[in-house]
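Hi,

Here is the structure I promised you. Have a look at it first, and my notes follow below.

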Amino acid sequence: MNTDRNLGIIVAGSGPVGMIAALALSATGARVTLVGPSPSSTDRRTTAVMRPALGLLDGLGVLDALRPKAAPLKVMRIVDATQRLIRSPVVTFRAAEIGADHFGLNIPNRDLNATLAAAILERPAIEWRQSLVEAWTIGECSISARLGDESQIEAALAVAADGRMSSARDAAGIRTSTRSYPQAALVVNVAHSRPHGFMSTEFHTETGPFTQVPLPGNRSSLVWVVRPQTADELAALDDAALSVRVEEKMQSLLGRVTVEPGRQVFPLSAILPVRFAQNRVVLVGEAAHVFPPIGAQGLNLGIRDVRDLADIVERNADDPGAQDALAAYDRQRRPDVLARAGAVNLLNISLLSDMLPAQLARSAGLGMIGGLAPLRAFFMREGLQPGSGLATMLSDLREQVRR
Ligand SMILES: Cc1cc2nc3c(=O)[nH]c(=O)nc-3n(C[C@H](O)[C@H](O)[C@H](O)COP(=O)(O)OP(=O)(O)OC[C@H]3O[C@@H](n4cnc5c(N)ncnc54)[C@H](O)[C@@H]3O)c2cc1C
């Protein structure tokens, strides 16, 4: 049986990754139906989107509208704020060291989602059904979704961008491994009396990282990872008391702190699927990988899922849901996702661990990175774009050998 060439692609899920996928796939010429509700305007989180991912947003024509709402990240520091026997030195990464003005932009999720939604509404080629997929039927040559309004959509490929509890992933029969951490992230934005100098600081503590990321003006966003009970206690404090706790935690780095209205608590977990595509379904974003918010990786990885998927869809325009296309997607995404998820989970576990070898390894690793400029540059480039750190290091080596 042949697949009907007129069948398009369903993107299930209208979070940031689903909306970016709809825009990027439509730019390849594919017919796209996006299914999902209008994005929530209550998300107080901000996302540090790094330079390669910004390039993709620029290509989709949404970056100019986002720049005025965002702050550039020029310097990133890791401070070991544990009270442990073995502690790491402060590690500072400067974008200027790798010849860049900034590593990325810290963008409020509300603005990111609103800008993406507006861009989708301007593209007549994308049909947006503001509903939920209720059930999937997977056939040999197509996949169909039954929506909440009882309508049915048939497609050659379904893109599961429906988040960590993905029902499209379940329908495709893709199993996952899940780990829940004894941690939750308290998210709050603050104003402070001293300028941040476009520097982000990640304080590593025994319960997880406390991360400050600059916003425009004398403002920053905070992700404070603690035990779930502590997160609830902190979230219940009044503004004045929480401001004092935050200022203490930041070691008064940015002077007097005033928390802004609105707090959110996110329980932390890690989810990884056994494969990234199967039965006419490909996984992107949190349907494909969930891990703790350390080092600003999640959405950046989701944007790389979309970049690779758009490439594969373009090369398999006849049937983007065919077995070969799905296998190519799985091959392409597996190393990147496993490497990022592995590194973030390992770092998180080493923070939580009371065991001396884990502390020693973390401290020695960070110490080496902090002390050696070429190693630091390697990690900065790798952090932005997998493979680019190694490529630059090899090209530098070749240059030295030639001399
Ligand atoms: C505290 C915190 C801070 C973070 N900071 C960063 C950062 O600085 N940098 C970074 O890169 N990442 C960061 N992340 C990770 C980032 O937020 C996630 O990777 C990203 O939000 C995932 O987006 P998504 O679109 O895949 O999923 P989601 O945002 O969960 O969207 C899923 C969507 O699918 C919809 N949906 C669900 N079921 C259905 C259905 N049946 N039919 C249709 N639609 C459905 C939902 O309504 C939702 O809109 C952070 C995460 C946390 C928790």
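Just after helix α2, glycine 61 has a positive phi of about 80 degrees. Keep in mind that this is a predicted model: local features need pLDDT of at least 70, side-chain atom pairs count only at pLDDT 80 or more, and totals for chains, interfaces and linings use all residues. Residues are numbered from 1 along each chain as its sequence is written. Helices (H or I, at least four residues) and strands (E, at least two) are DSSP runs, numbered from the N terminus.

Back to α2 itself, residues 51–59: Ala53, Leu54 and Leu57 are buried there (20 or more other C-beta atoms within 10 Å of a residue's own, with C-beta atoms placed from the backbone). They cover an arc of only 105 degrees around the axis, so they sit on the same side of α2 (the arc is that of the directions from the helix axis to the C-beta atoms). The buried residues of α2 pack against β3 (46–50), α3 (63–66), β7 (104–108) and α8 (298–315).

Now arginine 169, which is in helix α5 (residues 167–171). Arginine 169 counts as buried because it has 26 C-beta neighbours inside 10 Å. Valine 281 is 112 residues from arginine 169 in sequence, yet the two are 7.2 Å apart in space, C-alpha to C-alpha. Leaving aside neighbours within four places in sequence, the contacts of arginine 169 (C-beta atoms, placed from the backbone, within 7 Å) are Ala160, Ile174, Pro273, Val281, Leu283 and Ala287.

Cheers

Methods: A residue is buried if 20 or more other C-beta atoms lie within 10 Å of its own, exposed if 12 or fewer, and partly exposed in between; C-beta atoms are placed from the backbone. Two residues are in contact if their C-beta atoms, placed from the backbone, lie within 7 Å.
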